[in-house]
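Thanks for coming. I would like to go through some side-chain contacts today. Please have a look at the sequence and the structure before I start.

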Amino acid sequence: MDLLNTLVDKGLRRELPTREEALAVLATSDDDLLEVVAAAGKVRRQWFGRRVKLNYLVNLKSGLCPEDCSYCSQRLGSKAEILKYTWLKPDEASKAAAAGVAGGAKRVCLVASGRGPTDRDVDRVSQTIEAIKEQNEGVEVCACLGLLSAGQADRLRSAGADAYNHNLNTSEGTYGDITTTHTYADRVETVQQAQAAGLSACSGLIAGMGESDTDLVDVVFSLRELDPDSVPVNFLIPFEGTPLAKEWNLTPQRCLRILAMVRFVCPDVEVRLAGGREVHLRSMQPLALHLVNSIFLGDYLTSEGQAGQADLDMIADAGFEVEGAGTTTLPRHRAEVGAEPETGGGCGGHSAGCGPCGDVADEPAAVDAEAPAARTDLVSVRRRGAGTDLAPNA
């Protein structure tokens, strides 16, 4: 297929595809799916080999959020029957993190619900970061605390944080449809604050909220321009009790096409398969490893993932290997601070090719021949790990 040959060539050169090419990936048929995966897999292996980075989530504070993000089980007014608890103590969070590290996680992601941290919250999280670093040599720590105020990113960096996560989630044009209590611009500003403080930026998206193909391409191109080191791709978990509980729009095939498109647009970035993979990819999860180079191990914030050992077995059975603590995740041109981007720009630089390439008329999302059935049986609320007396899943 000429399209795929072109995209592979561009990916190996870190050259941005056109928006038309990105849309064409999402429009490919199920008959062409394995070819799409194979093509994107070549780009993935060029920059990351067969390594898979493991990340582990620790939910520092669950539920009770004043924001109204429609996709979130912790939102204002959510009736989802999730765990609700206030801040974990540093030693509790460190103990939870240690379980993930023992399971093979290289990065621990500390997440707290809420609009954004107070200065006291930053102090609390800083103590937690220090406790985790003291007990787990070499572990990376990423904080995800919401919108940052001036100086907070610097304080987290001084405490030992390596990265900061704040997702764009969807396109700027449709952001107001899913959240009204803050703006898309607020999210962009927080990512930029993290970058300015020297933190590795982590920012991604949520697919499956009823967005069009054009919305997906818009947010991925915006991420490319923002230039995070990590791009988590979440697939909506339609929690009962949230406004998007009926949004069952994804098939395993569509999820793979979305991941392939992200890989082509951001060839040398850590693309992370995040929440919802068990729900929507199901038995096709191993194919996704040919597209992503990073996954979450075990459970998520408010939902349970598959058993940690099952994740490890899946990686081994698919012919991949867990990335060791002594290995640098990103390619050298991205990992080296101040390195000049190679010819062709790519996610490592802001060349002229990093902006939108031409105007593309909006179009509806691709419709599968048969709408996927709602699999509410696959949505399992987390009842173990942080905030409980039960052992975590790692």
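I will take aromatic rings, then charges over rings, then salt bridges. Keep in mind that this is a predicted model.

Aromatic rings to begin with. A ring pair is described by the distance of the centres and the angle of the planes. There are two aromatic pairs in the structure. For Tyr175 and Tyr184, the ring centres are 6.1 Å apart and the planes stand at 65 degrees; the cut-off for edge-to-face is over 60, so this pair is edge-to-face. Both Tyr175 and Tyr184 are buried. The other pair is Phe296 with Tyr300: the centres are 6.4 Å apart and the planes are at 80 degrees, so this pair is edge-to-face as well. Phe296 and Tyr300 are both buried.

Next, charges over rings. Arg50 lies over the face of Phe320, 4.4 Å from the ring centre. Arg19 lies over the face of Phe221, at 5.6 Å from the ring centre.

Arg19 brings me to salt bridges. Side chains of opposite charge can pair when their charged atoms come close. The structure has 21 salt bridges, and I will go through some of them.

Arg19 is in a salt bridge with Asp218, at 2.4 Å from N to O. What does this pair tie together? Arg19 belongs to helix H2, residues 19-26, and Asp218 to helix H9, residues 213-226, so the bridge ties together parts that are 199 residues apart in sequence. As for accessibility, Arg19 has a relative accessible area of 6% and is buried, whereas Asp218, with 25%, is partly exposed.

Now Glu140 and Lys53, whose side chains meet in a salt bridge at 2.8 Å, N to O. Here the elements are strands: Glu140 sits in S3, residues 140-144, and Lys53 in S1, residues 51-61, so the pair ties together parts 87 residues apart in sequence. Glu140 is buried at 17% relative accessible area.

The last pair is Arg272 with Glu270, where the closest N and O atoms are 2.9 Å apart. Buried or exposed? Arg272 counts as buried, at 1% relative accessibility, and Glu270 is buried with 2%.

How values were computed
Residues numbered from 1 in each chain as written. Predicted model: local features only at pLDDT ≥ 70, side-chain atom pairs only at ≥ 80, totals over all residues. Heavy atoms only, no water. Phe/Tyr/Trp six-rings, centres within 6.5 Å; stacked < 30°, edge-to-face > 60°. Buried < 20%, exposed > 50% of the residue type's maximum accessible area, 1.4 Å probe, protein only. Lys NZ or Arg CZ within 6 Å of the ring centre and 35° of its normal. Salt bridge = Lys/Arg side-chain N within 4 Å of Asp/Glu carboxyl O. Helix = DSSP H or I, 4+ residues; strand = E, 2+ residues; numbered from the N terminus.
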